[in-house]
Amino acid sequence: MRSVLILLLLLSLSSPASPKLRIVVTIPPLKSLAEGVVGERGEVEVLLPPGASPHTYEPTAEAMKKLSEADLLVMIGAGLEPWAEEMVKGAGNKKLRVVETSKGIKLLGAKEGKRGTGNPHIWLDPLLAVKMARNIAEALVEIDPQGEEIYKANFEKLRRRLKELHEEIKRRLAPFRNKRIVTFHRAWDYFARRYGIEIVGVIEESPGRSPTPRRIAEIIDAIKGYGVKVVFAEPQFNPKAAEVIAREAGVKLLLLDPLGSPKEDYFKLMRRNLRAMEEGFR
């Protein structure tokens, strides 16, 4: 009997482990959400390199290789990654499942009946990130039904962390009376709506399109008229226009980073941006 038990133990130790799911995400904040749900059952890689913008990104051969070997592509959708559809076709990966985390979320500025319209920067609202994580969990259950209970449990843990983050942001911003800002582009609209922040000016209404002198003058007038204390630039874009506006208006120039990097998890990124908001409002 003892020898049989030893044999069974040896067989179990020598059995090959189930291969981990290979998950590719388009932008760094999605990495934390995907890792939070998949846990030990998968490995997550990011397509977008540090410092790049998803609006202007051009896929590389290395990125195509990642996609050709992946089980799941996690993206925002809503027009944020216009290059992704061609990438999926070019990868020739028949097993690849694609999930758009914006599914079921009402987008700001969306045109009825027109797919890919509306503001895609939903991840900057932690409560919308809960819905995004749920979409990821549902996609994982589809491709790996055996992990369903694990994915559900992991999602619940992640949901609690996201709600705690939301409460922290709300608490830390509550004391500030003047919460008017100028942002670089429309990335912060969801965050602003959630936490009672008023955006009185946007430097680049379309990412990559520099503001005209008239637009710059209008923003400077708005800053002075509304008593705005801060202009926010973003590390993915040239800050020159933001520097000119802040200097001419005599206000602070700080950075908000909507993307971070693959090495910085979502929660650290959001708290780093929260500290910048607090500094801007003081």
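Tutor: Begin with strand E1, residues 21-25, where four of the five residues are buried. Buried means under 20% relative accessible area, exposed over 50%, and partly exposed in between, with a 1.4 Å probe and protein chains only. Strands (E, at least two residues) and helices (H or I, at least four) are DSSP runs, numbered from the N terminus. This is a predicted model: local features need pLDDT of at least 70, side-chain atom pairs count only at pLDDT 80 or more, and totals for chains, interfaces and linings use all residues. Residues are numbered from 1 along each chain as its sequence is written, and side-chain values use heavy atoms, leaving out hydrogens and water.

Student: How many bridges pair E1 with E2, and in which sense?
Tutor: In general, strands of a sheet pair through backbone hydrogen bonds, either parallel or antiparallel. Two strands count as paired if DSSP finds at least two bridges between them. E1 and E2 (residues 42-46) have five bridges, in the parallel sense. The chain goes from E1 through helix H2 (residues 28-38) to E2, a right-handed β-α-β crossover. Right-handed means that, with the strands pointing away from the viewer, the path from the first strand over the helix to the second runs clockwise. Leu-21 has Gly-42 as its bridge partner in E2. Ile-23 stands opposite Val-44 in E2.

Student: Which strand is joined to E1 by three bridges?
Tutor: That is E3 (residues 72-75), running parallel to E1. Val-25 has Val-74 as its bridge partner in E3.

Student: What is the strand order in the open sheet?
Tutor: The order is E2-E1-E3-E4, four strands with parallel pairing. E2 and E4 (97-100) are at the edges with a single partner strand each, so one side of each has no neighbour in the sheet.

Student: At what angle do the axes of H8 and H9 cross?
Tutor: Axes are lines fitted to C-alpha atoms, for helices over the stretch in contact, and angles run from 0 to 180 degrees between N-to-C directions. H8 (residues 213-226) and H9 (residues 240-249) cross at roughly 40 degrees, their axes coming within 10 Å.

Student: Is Ile-216 buried or exposed?
Tutor: Ile-216 lies in H8. Its relative accessibility is 17%, so Ile-216 counts as buried. Leaving aside residues up to four places away in sequence, Ile-216 touches Pro-211 and Ile-245. Touching is contact: heavy atoms within 4.5 Å.
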